[in-house]
Amino acid sequence: MSQAPRLLAAVFSFLLAAFLVAPLVAAQSIHLPPHEKIVLKNGLTVLLLQKRGVPLVAVSALVKSGAAADPASQEGLASITSSLLRKGTKTRSAQQFAADLDFIGGSFEADVTPDYTLIRSEFLTKDLAKGLELFSDALLRPTFPQAEANKVLAQSLDGVKAAKDEPRAVLGIYFNGYLFGNAPYGRPSDGDELSLKRIQRDAVLKFYESNYTPNNAVLAIAGEFDSAELRKRLEDTFGSWPSHPTTAAAISPAAPAKGKRLLLIDKPDATQTYFAIGNLGTAANDPDRVAIRVVNTIFGGRFTSELNEALRVESGYTYGAGSFFDSRKVPGPFEISSFTKNETTVPAIDLALQVLDNLHKNGLTPGQLDSAKAYIKGQYSPSIETAGQLARRIALDEFYGLGDEEVNQLEARIDAVTPEIARRVIEKHFPMDNLVFVLIGKASEIRPAVKKYAGQMDERSINDPGFWPPPSASATK
Amino acid sequence: MKRVWSRSAILAALCVLLCSVPASRAQSQDFPVTTHTLKNGMKVLVQPDHSIPNVALYVFYRIGSRNERPGTTGLSHFFEHMMFNGAKKYGPGELDKAEEANGASNNAYTTRDVTVYQDWFPRSALKLIFDIEADRIRDLTFDPKKIASEREVVASERRLSVDNSNFGVLDEQLWANAFIAHPYQWPVVGWMSDIEHWTMDDLKHHFAMGYSPNNATMVVVGDVSPEEIFQFCEQYIEPIPTHEPPPPVTTLEPGQLGERKLIVHKPAQLPILMVGYHIPQTNNPDFYALNILRTILFQGESSRMYQRLVDKDQLALDVQSEVDPAFDPTLVIITAQPRQDVDPQACEKAIYEELDRLKTTPVTDQELEKAKNNRLVEFYKQMQTINGRANTIGTYEVFMGDYHKLFDAAKNYSAVTKDDVQRVAKQYFGPNNRTVATLLPEQEKAKP
C-alpha cells in the first residue's frame with residue numbers, strides 16, 4: 001500500500017493530458033439502434049430491433065416472474081418450470097423438440113433471476129419461420145410430461161450438489177440467504193436439496209398458468225429480419241396466446257441488516273477462503289443508479305479499482321477482488337467479494353474493510369471520477385453489440401420501466417456526476433457499520449480468527465442440505 | 001453475478017475456437033482482412049468494422065507452456081502477468097490505470113502453445129494502446145517487489161482454478177498421465193512448487209526467448225482502417241529489433257501402447273469422469289472430420305451422448321467434449337459428471353458403446369447435415385463481435401498457418417463424408433489410445 005500515492009499521482013497527471021480528446025469522440029456514440037414497440041391484442045408487448053451484420057435472429061421472452069415468486073419451501077419452482085418448457089409440447093416430445101431445434105443449429109435457454117424468467121433463442125435468419133414456431137411451441141404449448149419433470153427435478157438436485165463442490169459457485173447463494181433470510185430475495189433460484197424433493201408436477205402447472213401469460217410478458221426480437229414479414233408471423237404465432245389475470249404479487253422490499261453478523265460455511269478441504277461482505281443495495285430504477293455505477297467502478301468494478309489494487313496488485317492476497325450491486329425491482333444485494341489462502345484470510349478481510357472505510361473517509365477526487373466515466377463509456381458499446389445482447393437490453397429496460405433513455409442518456413447522466421454527488425452516494429448507498437459476512441473455508445483453521453468481525457456468528461457445513469436459513473428454521477415459517 | 005478479473009483463462013476461454021463452417025455469406029469478402037508484414041517480422045491483420053466505435057486488438061505470441069521445462073513450469077503464464085507490471089515508460093501499475101482512464105480494458109491468456117494479449121478500447125485510445133504495447137515489448141522491466149506479489153497472485157489463481165476445483169484437479173492429472181515425453185504433460189499454470197521458485201533470471205530468459213516481433217501476430221478488428229493501423233505499426237512496432245524465436249520443440253510423444261487409468265480421491269459430492277484420446281495437431285486435415293464427429297456426439301440435446309447418458313439412461317448430469325488448438329499432437333477430452341450413486345464405470349461403458357457404434361455404423365445423412373448447420377451458426381456467433389472475430393482470425397492464422405482457412409472452412413466441412421467420420425472414429429477412439437481419469441468422492445474425515 002505504501003506505493004499507492006506515488007502511482008496515483010503519476011498516472012493522474014498523465015491522464016489529464018490524454019483526456020482532452022477521449023470524451024469528444026465518445027460523446028454521441030452510445031445509443032440503441034431504432035426499434036419498434038407493438039402491443040398485441042392479447043396484451044403482449046413486442047419489441048423489434050433491426051441489427052445487421054450477421055444473419056442471426058435473437059428472440060427473448062421476459063416473463064415478469066422469477067425465483068422471488070417461488071412459494072416458500074418450493075424454492076426452484078420457477079427454474080424447474082422454465083427448464084421443462086422444451087421437454088414436451090402439444091405437438092412434440094422432448095426428443096423431437098431437441099431434434100428440430102438442433103437441426104437448424106438453434107439454441108433455446110432459460111435464465112431465472114429473482115425478478116424474472118428470460119427465455120432466449122437464436123437461429124439463422126433463413127430459419128426464422130421454423131425458429132419462431134419452435135420458440136412459441138415451447139413457450140405457449142408445454143405439456144410438462146411427468147416423466148420429464150421427474151428427470152429435470154432429479155438432475156437439478158444433483159446440480160445443487162455439483163455446485164457445492166465449487167465454492168465460488170455457491171458463495172452468492174449463501175450470501176443472499178444470510179442477508180435476506182426468508183424474504184423472497186433470500187431464496188436459492190435453483191432450489192436446494194430439500195425443496196426440489198417437494199416440488200410436484202401440479203405446482204409446475206400452476207406456476208406456468210399463473211405466470212406465463214401475454215400480459216405478464218415482454219417479447220423482444222433483434223437481428224436481421226424483414227420487419228413486415230415478422231410482424232405478420234408474430235400475430236399468427238403469439239396472437240392466439242390467451243390472456244388472463246396473473247397472480248404475480250409485488251415483491252416487498254427487505255430491511256437492511258443491522259449490526260454485524262457472520263456465517264461460516266465449513267469446507268474442510270479448502271485451501272482458500274471465499275468471502276462476501278455487504279448489505280442491502282439498490283433498486284434497478286434508483287435515481288442514483290448511474291452515480292452508483294460510477295462510484296462502484298472506482299471502488300470495486302474494474303481491474304484498477306481500489307479493492308483490486310489493494311487486495312491483488314499491492315498485496316498479492318488474491319487473484320481478484322471486486323464489488324457489485326445486483327439491482328432489482330426492489331433493493332437487491334450489494335457485495336464485496338474475493339478469496340485468499342487460509343493463512344491470509346484475516347489480513348485480506350481487514351484490508352477490504354479498510355478500503356471501504358477509506359471510501360467513506362476520503363471520498364473521490366475529480367481525477368478518479370473522470371477515469372471511471374471514461375472507462376464506463378469506452379466499455380459500453382460492446383455490451384450492446386450482438387442481437388442477443390440487444391434483445392435482452394431492450395426487454396430489461398421495458399420490464400424495469402427505464403425505457404431507451406437508460407442507454408441513450410447514459411453518457412449525459414454519467415457526465416452529470418460530480419464529486420458532491422459521489423460523496424452523497426457513498427454515504428447513502430455504501431454500507432459502513434452494518435455488515436453481513438459470509439465465508440466458505442476450512443472452519444478449523446479460520447474460525448477462531450474471524451470471530452472478531454461480528455457479534456453474531458453462525459456456522460454450517462457445505463455438506464448440510466440447503467443453504468441459509470437452515471431447513472429446520474425455514475420449515476417453521 | 002460476481003466479477004473477478006482474470007488475466008489468463010487457462011481452462012476455459014478457448015472453447016470458442018476452431019469450429020466453424022462458413023457457407024454462402026460466410027466468405028472472406030464479407031469480412032475483408034488486410035495483412036501486412038513489418039520489417040521486423042511481425043505480421044499484422046486488420047479487419048475494419050464500423051458498427052460500434054470500438055476496437056479489439058490481439059497480439060498472439062507463439063510461446064506457451066510447451067516451451068518450458070521441468071522446474072520452471074508455468075513460467076509463460078507468470079510472464080504473461082508480468083507483462084502488465086511495468087516497462088520503461090509505463091511503470092508498475094501505470095499501464096492499467098492509463099488504459100482504464102481512457103476507456104480501455106485488457107486481459108491476456110496463456111495456453112500450452114501461445115500467450116495472447118487482448119485490448120478492448122474506444123478508437124480514441126488507439127494511439128495510447130500502441131504506445132503501451134510497444135513499450136512493454138521493447139522495454140519490459142522486472143521489479144523484484146512486483147515479482148514477489150505477483151507470485152502470490154498466481155498461486156491464488158492456481159488454488160482457484162485447480163486446487164479448489166475438482167474439474168481443475170482431474171484435468172491436470174489427465175494431461176500429466178496422457179503425456180510421458182512431450183511438454184503438454186505439465187499444467188499451464190505450473191506446479192505449485194515451481195510457482196514458488198521461479199527467479200528473475202528465468203523471467204529475463206523467457207522474455208529474450210519468446211518476445212521477438214517475428215514470433216508474434218497482431219490482429220486488429222473494429223472501428224479502424226488498415227492504413228492507420230499500419231501507420232501506427234510503422235511508428236511504434238517496426239523499430240523494435242527482432243531476434244531468434246524460441247528453439248523448436250522437437251520432442252514427439254511416442255504412440256500410446258495401452259489404456260492408462262488414474263484415480264483421484266477428493267472430498268466431493270459427485271464423481272467426475274474424464275477420458276482423453278490422442279489426436280493430431282490443429283493443422284492436420286482430420287481437424288474437420290473430428291469436429292463433425294464431436295458435433296454429432298455432443299452438440300445439443302439431440303446429440304448421441306446427451307440422448308444416451310443424460311436423457312435415456314440418466315447416468316450423467318452432463319457430458320461434453322473439448323479440444324484446444326495445438327501446434328503438436330494433443331488430446332480430445334470427454335468429460336462427464338456421473339449422477340449421484342451412479343458408478344462412473346457405467347458412464348464410461350456408455351461412452352465407449354456410443355463411440356463403437358460410430359465405428360461400425362455410418363452416421364445418418366440427417367446427422368451429417370445437422371452437424372454442418374451447427375458449424376455454420378457457430379461461425380456467425382464467433383463473427384458477430386469484434387472481439388470474437390479478432391480471436392478467431394488470429395487463431396486460424398496462428399494454428400492453421402493462414403487466416404484464409406477460416407473462410408475455406410465451409411468447403412472443408414462440406415467435404416466431410418460419413419466414411420470420414422467412421423474412419424476418424426476408428427483411428428483415434430481405440431482403447432489403447434486413451435487415458436481415463438476418475439475423481440471419486442472421499443468421505444470427510446472428522447476434523448479435530
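Domain bounds here come from an automatic or database domain assignment. By that assignment, chain A divides into domain 1 (35–238) and domain 2 (253–475). The model is predicted.

**The two chains**

| Property | Chain A | Chain B |
|---|---|---|
| Secondary structure | 20 helices, 12 strands | 15 helices, 11 strands |
| C-alpha box along the principal axes | roughly 65 × 60 × 35 Å | roughly 65 × 60 × 45 Å |
| Buried residues | 53% of 477 residues | 55% of 448 residues |
| Radius of gyration | 24 Å | 22 Å |

How does the radius of gyration of chain A sit against that of a compact globule? With 477 residues, such a globule would have a radius near 23 Å; chain A has 24 Å, so the two agree. Chain B passes the same kind of check. For 448 residues the compact-globule value is near 22 Å, and chain B has 22 Å, which agrees.

Sequence separation of contacts was also computed. Take the contacts in chain A between residues at least 6 apart in sequence: 82% join residues at least 24 apart. For chain B, counted among contacts between residues at least 6 apart, 82% join residues at least 24 apart.

**Domain 1 against domain 2 in chain A**

The C-alpha centres of domain 1 and domain 2 of chain A lie 28 Å apart. Contacts link the two domains. On the domain 1 side of chain A, 45 residues take part; on the domain 2 side, 34 residues do. Which elements of domain 1 give two or more residues to the side that touches domain 2? They are β2 (45–50), β3, β5, α7 (167–180) and β6 (217–223) of chain A. Helix α7(A) gives the largest share of that side, 12 residues. By class, the domain 1 side holds 26 nonpolar, 10 polar and 9 charged residues.

**Helix α5 of chain A**

Helix α5 covers residues 128–140 of chain A. It has 13 residues, and at 1.5 Å a residue it should span 18 Å. Its end C-alpha atoms are 18 Å apart, so the span agrees with expectation.

Which residues of α5(A) are buried? They are A:Leu128, A:Gly131, A:Leu132, A:Leu134, A:Phe135, A:Ser136, A:Asp137, A:Ala138 and A:Leu139. The cover over these buried residues includes three strands of chain A: β3 (56–63), β4 (107–112) and β5 (117–124). It also includes the helices α4 (94–103) and α10 (227–238) of chain A. Strands β3 and β5 of chain A also give residues to the side of domain 1 that touches domain 2.

**The nonpolar core**

In soluble globular proteins, nonpolar side chains tend to be buried together. The largest nonpolar core in this model has 260 residues. Those with the most contacts inside the core are A:Tyr174, A:Val294, A:Val295, A:Ala352, A:Ala391 and A:Val438.

What does A:Val295 touch, leaving aside its neighbours within four places in sequence? Its contacts are A:Leu364, A:Ala422, A:Val425 and A:Ile426.

**Where the chains meet**

Between the chains, 70 residues of chain A are in contact with 66 residues of chain B. The largest share of the chain A side, 7 residues, comes from helix α6 (residues 146–164) of chain A. The chain A side divides by class into 30 nonpolar, 26 polar and 14 charged residues.

Methods: Residues numbered from 1 in each chain as written. Chains lettered and ligands numbered in written order. Predicted model: local features only at pLDDT ≥ 70, side-chain atom pairs only at ≥ 80, totals over all residues. Helix = DSSP H or I, 4+ residues; strand = E, 2+ residues; numbered from the N terminus. Expected span 1.5 Å × (residues − 1). Buried ≥ 20, exposed ≤ 12 C-beta atoms within 10 Å, placed from the backbone. Contact = placed C-beta atoms within 7 Å. Core = buried A, V, L, I, M, F, W, Y, C linked by C-beta atoms within 7 Å. Nonpolar A, V, L, I, M, F, W, Y, C, P; charged D, E, K, R; others polar. Rg over C-alpha atoms; globule rule 2.2 N^0.38 Å.
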